[in-house]
Amino acid sequence: MTTSAQPQAAPTPQAFKSDYKPVWCPGCGDYSVLSSVTKAFALLELQPENIAIVSGIGCSSRIPAYTTCYGFHGVHGRALAAATGLKLARPELTVVAAGGDGDGYSIGGNHFLHACRRNVDMTYVVMDNHVYGMTKGQPSPTTEPDWDSKLSPGGTGMRAFNPLVIALAAGANFIARTFAGDPNTTAALIAEAISAPGFSFVEVLSPCVTFRPEQREWKQMVRPAPVQWTDDPARAARRLMTDDGMNIGVLYKGSRAAYRTHAAKTPKRPAELEEEFRI
Amino acid sequence: MPHVESEQRASVSVAIAGSGGAGVMTAGNMLLEAAAQAGYYALMTRSSGPQIRGGEAAAMIRIATHPIDGTDDRYDLLIALDWMNINRFAAEIPLGGDSVLVGDPDQGEPPEVFVRTGARYTPVAFKATAKKIANGWPNMIAFGLVGALIGLPEETLAKVVQKSMKKGGDALTGSLAAMRAGVEAAAAIAGVPRVGAAPPQTPRWLVTGNQAAGYGAIRGGVRFVAAYPITPATELLEWMAPALAKVGGALVQAEDELASINMILGASFGGVPALTATSGPGLSLMIESIGLGITAEVPIVVVDVMRVGPSTGIATKSEQSDLNIALHGMHGDAPHVVVAPNSVADCLLTTQWAVHLAETLQVPAIVLADQFFGQARAVVERPADVAFAGERRTAPAGAEGYKRYALTESGVSPMAIPGTPGVTYTADGLEHNERGTPSSQAADHVAQLDKRARKLESLDYDGHWADVEGEGNMAVITFGSCTGPVREAFARAAADGVRARLVSLRLLAPAQPARLAAALEGVKRVLVVEQNHTGQLYRYLRSEYDLPGAVTSFRRPGPLPMRPDEIHRQLIEWSRA
């Protein structure tokens with residue numbers, strides 16, 4: 001497999017940004033997430049060709065092409081599955097899956113559960129704005145139950161999904177929450193998530209100023225988590241169940257070993273497999 | 001009972017049935033092994049009741065002096081260790097007036113549905129005899145009985161017992177004694193044909209279609225598999241899991257088929273040839289993402305071990321009814337490759353070819369295998385070594401002005417593999433321009449549609465597109481597991497002086513109208529044979545090909561395998577018309 005052989009100078013954050021103009025609305029939180037992601041790559045002194053960003057469908061899922069890394073912009077809801085296959089086939093790559101709350105928690109909800117369980121060494125960045133933006137304003141799993149919309153008048157009546165608690169219960173090894181409006185903290189948290197072994201989950205509160213203008217208030221609502229992260233899942237569960245969703249920082253770090261395959265270190269020739277069929 | 005001399009035949013078919021735990025599959029597999037050791041060709045299919053464990057089961061084995069790819073019209077011998085629900089197998093184990101029926105008198109009389117066939121019944125007290133032998137079991141008596149009746153040497157039977165009981169001791173002694181009791185009981189049973197002299201020895205394998213497909217995939221270069229368990233594809237995956245690890249690859253059990261198809265897309269995007277295997281319900285779930293593989297030009301191989309559909313259908317039985325979804329399931333204009341193996345051994349070649357085609361063309365390839373081959377275990381000639389391997393065109397580091405989806409003459413454009421500097425790009429399911437930038441421009445859409453269609457048309461599929469055999473002005477077109485029975489019907493028809501051409505299509509998509517036209521040059525009548533209810537192949541051929549002369553469809557759905565006699569009758573009727 002091809003890898004870059006010569007040591008290269010560590011690129012700046014700008015070197016990770018492509019010349020494509022994002023489709024995002026002015027004021028969208030995803031712009032600063034893009035900046036934070038590129039800053040994290042620079043902090044870690046990575047090279048763009050050794051990173052792959054994998055996404056599904058939605059506003060935030062457009063992020064791969066806005067970087068100079070390898071990108072995979074697949075179908076709706078399956079980013080984690082594609083990222084898992086890529087990381088297991090090419091363990092030396094840095095793999096980041098990214099997307100929104102609808103892509104990750106609704107249509108892709110099953111993969112979210114099993115990615116946490118499987119604990120493959122990769123990072124999942126969810127830009128959560130509690131709404132489907134690309135289809136112009138429908139409630140997502142993290143939307144409040146009484147949020148009115150054309151598709152679900154009067155609200156869905158469904159309890160909002162708590163992704164961090166679910167991630168913890170399902171086995172994610174690193175759980176953090178951050179706010180798009182704080183790009184330096186976000187960059188540092190994403191860098192830490194990438195460095196952490198196993199499956200790292202970073203929930204980014206990323207306002208949709210078009211369909212949820214009230215999310216502009218998030219800037220006043222978020223705060224650094226009042227206590228240091230814990231490695232005790234029971235304690236983390238209690239904190240995550242009782243906080244108001246506005247605590248920022250690393251909230252849980254586990255010590256599970258990352259998933260690995262059983263690929264032989266010294267592979268046999270395929271022809272040797274024939275033995276068992278011979279009469 | 002009148003004494004009937006046992007005649008010699010080129011092919012003998014036997015079935016061993018009993019309730020779960022009676023060990024009929026063990027006896028069947030040992031018989032297969034004994035046939036292989038004695039130098040014969042053989043094929044075993046299995047059937048079992050709907051219970052997960054403990055239901056009735058039947059091992060159906062055909063032993064022959066020549067290679068075989070299908071079941072015969074009737075069974076020469078049915079041995080039932082008991083009759084619990086065995087009547088459910090009546091349609092699957094057809095008997096005739098010449099057949100012999102053996103049952104344990106202590107388990108009651110044979111069911112009416114078998115008696116009606118006119119088969120001659122002989123009681124053998126399996127259970128009572130086994131009780132008298134320390135560590136003896138009725139299924140070992142049945143094994144010895146069948147082996148002796150069809151003429152397998154006793155020392156071969158004993159060798160197989162020894163091989164299957166490596167631990168030796170009392171278990172081995174008891175099994176050998178039970179087997180010998182079966183051999184002795186054979187003397188009292190007349191009318192079972194013996195298989196003719198064994199053919200000259202050649203290198204052979206004992207393999208299932210699912211194993212052959214898995215091995216073909218590995219030979220083609222597949223090193224990553226993700227899959228979700230589903231009957232009848234599970235055994236393919238269970239064989240591949242350790243095999244892939246040995247050659248440095250990996251198999252991952254996914255949470256569902258949506259995950260497995262996307263995992264292999266991710267792996268292949270990373271440069272590692274990748275495959276998944278499933279059956280109809282799983283293929284249905286994967287379809288959207290196969291479309292992604294087509295648009296983003298990510299090579300993958302999807303093996304569909306077809307079973308009876310639609311919906312859950314009959315999970316353990318064969319039907320060729322996924323042809324429509326394999327060919328036309330995708331939304332949008334989505335050119336891709338569909339191939340179908342036409343024998344147990346051909347599962348190897350065809351799957352290996354599929355990897356080669358997918359990698360060379362950077363396109364998803366669907367392998368339409370079927371339950372019949374997938375779960376059949378057979379003695380086959382060792383398949384020839386073929387050189388098909390993944391030959392993906394990749395982009396070198398720092399390629400000047402690199403465009404992932406460049407409009408090349410062949411339609412295939414070099415693919416940059418993550419890790420390669422200077423050529424990074426984003427693979428996209430959105431329509432895009434040559435660089436890969438999402439585009440809703442009409443010109444880009446047309447150009448990329450043309451490119452994706454062109455690459456499939458520009459490849460030379462060589463002689464592998466179909467097996468073309470025979471001569472005459474009548475032709476049968478078929479695919480998959482109908483091919484064996486058609487070949488057998490041809491051999492019988494030839495004895496009646498009726499000749500016809502066979503075209504067994506291995507490449508179903510892209511269609512090859514010019515090649516088929518050449519193969520059918522001078523043909524006045526065409527019969528399209530397939531195992532489904534609506535004539536899916538017939539309709540596809542009608543839409544994609546100009547077929548010469550009068551064209552007739554002969555089809556019927558599963559779950560019963562196509563039998564040579566059904567097709568033979570069609571050929572004879574046809575020749576008289």
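Helices and strands here are DSSP runs, with helices of at least four residues and strands of at least two, numbered from the N terminus. Counted that way, chain B of this predicted model holds 18 helices and 23 strands. Its C-alpha trace spans about 85 × 60 × 40 Å along the principal axes. For 577 residues, a compact globule would come out with a radius of gyration near 25 Å, and the 26 Å of chain B agrees with that.

K136(A) has a positive phi of about 75 degrees, despite not being a glycine. As background, most residues other than glycine have a negative phi.

Helix 5 of chain A has a packing partner in helix 4 of chain A (residues 109–118): the two meet at an angle of about 45 degrees, and their axes are 8 Å apart. That angle makes helix 4 of chain A oblique to helix 5 of chain A. Their crossing is right-handed. On the helix 4 side of chain A, the contact is made by F112(A), L113(A), C116(A) and R117(A), while helix 5 of chain A brings P163(A), I166(A), A167(A) and A170(A). Sorted by class, this contact of helix 4 with helix 5 of chain A has 7 nonpolar residues, no polar ones and 1 charged.

Helix 9 of chain B (residues 257–269) packs against helix 10 of chain B (residues 280–295) at about 30 degrees, with the axes 8 Å apart. Helix 9 and helix 10 of chain B are therefore roughly parallel to each other, since angles under 35 degrees count as such. Helix 9 of chain B passes helix 10 of chain B in a right-handed crossing. From helix 9 of chain B, the residues in contact include L258(B), I261(B) and L265(B), and from helix 10 of chain B they include L285(B), M286(B) and I290(B). The contact residues of helix 9 and helix 10 of chain B divide into 7 nonpolar, 5 polar and 1 charged.

Chain B also has an open sheet of its own, made of 5 strands in the order 18-20-19-22-23, again with mixed pairing. Strand 18 (466–470) and strand 23 (550–555) of chain B stand at the edges with a single partner strand each, so one side of each has no neighbour in the sheet. On average, and ignoring direction, neighbouring strands of this sheet are turned by 15 degrees against each other. Strand 22 of chain B (residues 525–530) runs parallel to its partner, strand 23 of chain B, and 6 bridges join them. Here V528(B) stands opposite S553(B) of strand 23 of chain B.

Helix 15 of chain B (residues 483–495) touches strand 18, strand 19 (474–478), strand 20 (501–505) and strand 22 of chain B, and its direction makes about 175 degrees with that of strand 20 of chain B. Helix 17 of chain B (residues 536–544) lies across strand 19, strand 20, strand 22 and strand 23 of chain B, at about 135 degrees to strand 22 of chain B.

Elsewhere in chain B, strand 16 (residues 377–381) pairs antiparallel with strand 3 (residues 41–48) over 3 bridges. Strand 16 of chain B also runs antiparallel to strand 9 of chain B (residues 204–208), joined by 5 bridges. The bridge partner of L43(B) in strand 16 of chain B is A378(B), and that of W205(B) is V380(B).

Lastly, chain B has cis peptide bonds to look at. One runs from T231(B) to P232(B), with omega near 0 degrees; P232(B) is in the loop between strand 10 (224–227) and helix 8 (234–246) of chain B. Another links A509(B) to P510(B), also with omega near 0 degrees, and P510(B) is in the loop between strand 21 (507–509) and helix 16 (513–519) of chain B.

Technical notes
Residues numbered from 1 in each chain as written. Chains lettered and ligands numbered in written order. Predicted model: local features only at pLDDT ≥ 70, side-chain atom pairs only at ≥ 80, totals over all residues. Heavy atoms only, no water. Pairing = 2+ DSSP bridges. Axes fitted to C-alpha atoms, helices over the stretch in contact; angles between N-to-C directions. Contact = heavy atoms within 4.5 Å. Parallel < 35°, antiparallel > 145°, perpendicular 65-115°, else oblique. Left-handed = near helix turned anticlockwise from the far one by under 90°. Nonpolar A, V, L, I, M, F, W, Y, C, P; charged D, E, K, R; others polar. Rg over C-alpha atoms; globule rule 2.2 N^0.38 Å.
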